[in-house]
Amino acid sequence: MDELEIGKQKFLEVVKDIDSAVEVVIPTVSSNSQFLISLTKGPNRKFIMVHEDDILDIPTENDILAKVTIMLKSEISAL
């Protein structure tokens with residue numbers, strides 16, 4: 001598994017830890033170094049932009065993990 005796949009897997013784990021009912025779709029490739037990620041819970045859907053570097057650094061950088069976790073908690077609570 002390459003670095004990007006490891007980062008995506010960690011991203012999915014963070015989402016599931018926050019709310020296991022949320023479905024996540026992460027594109028296979030980024031656009032302009034950004035991933036347009038879909039979060040869906042029931043009939044509600046929200047799209048968020050996450051920088052490719054943040055996805056890559058989630059497994060190894062605690063400050064990036066904390067930043068992404070805070071952002072996800074906020075976005076998921078709005079679903």
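Tutor: Two strands pair if DSSP finds at least two bridges between them. Keep in mind that this model is predicted.

Student: Which residue of strand 2 is the bridge partner of valine 25?

Tutor: Strand 1 and strand 2 pair in the antiparallel sense, over 3 bridges. One of the residues bridged to strand 2 is valine 25. Its partner there is serine 38.

Student: Which residue in the turn between strand 2 and strand 3 has a positive phi?

Tutor: These two strands are antiparallel, with 8 bridges. Glutamine 34 stands opposite histidine 51 of strand 3. The strands form a hairpin with 2 residues between them. The turn residue with a positive phi, about 60°, is glycine 42.

Student: How far apart are the end C-alpha atoms of helix 1?

Tutor: Helix 1 covers residues 3-18, which is 16 residues.

Student: What arc do the buried residues of helix 1 cover around the axis?

Tutor: The buried residues are Leu4, Gly7, Lys8, Phe11, Val14 and Val15. They lie on the same side of helix 1, because their arc is only 115°.

Student: Which residues does valine 24 touch, leaving out those up to four places away in sequence?

Tutor: Val24 is among the residues with the most contacts inside the largest nonpolar core, which has 18 residues. Helix 1, strand 2, strand 3 and helix 3 each give two or more residues to this core. Valine 24 touches Phe11, Leu12, Val15, Ile37, Ser38 and Leu39.

Definitions and conventions: Residues are numbered from 1 along each chain as its sequence is written. This is a predicted model: local features need pLDDT of at least 70, side-chain atom pairs count only at pLDDT 80 or more; totals for chains, interfaces and linings use all residues. Side-chain values use heavy atoms; hydrogens and water are left out. Helices (H or I, at least four residues) and strands (E, at least two) are DSSP runs, numbered from the N terminus. The expected span of a helix is 1.5 Å times one less than its number of residues. Buried means under 20% relative accessible area, exposed over 50%, partly exposed in between (1.4 Å probe, protein chains only). The arc is that of the directions from the helix axis to the C-beta atoms. A nonpolar core is a set of buried Ala, Val, Leu, Ile, Met, Phe, Trp, Tyr and Cys residues joined through side-chain atoms within 4.5 Å. Contact means heavy atoms within 4.5 Å.
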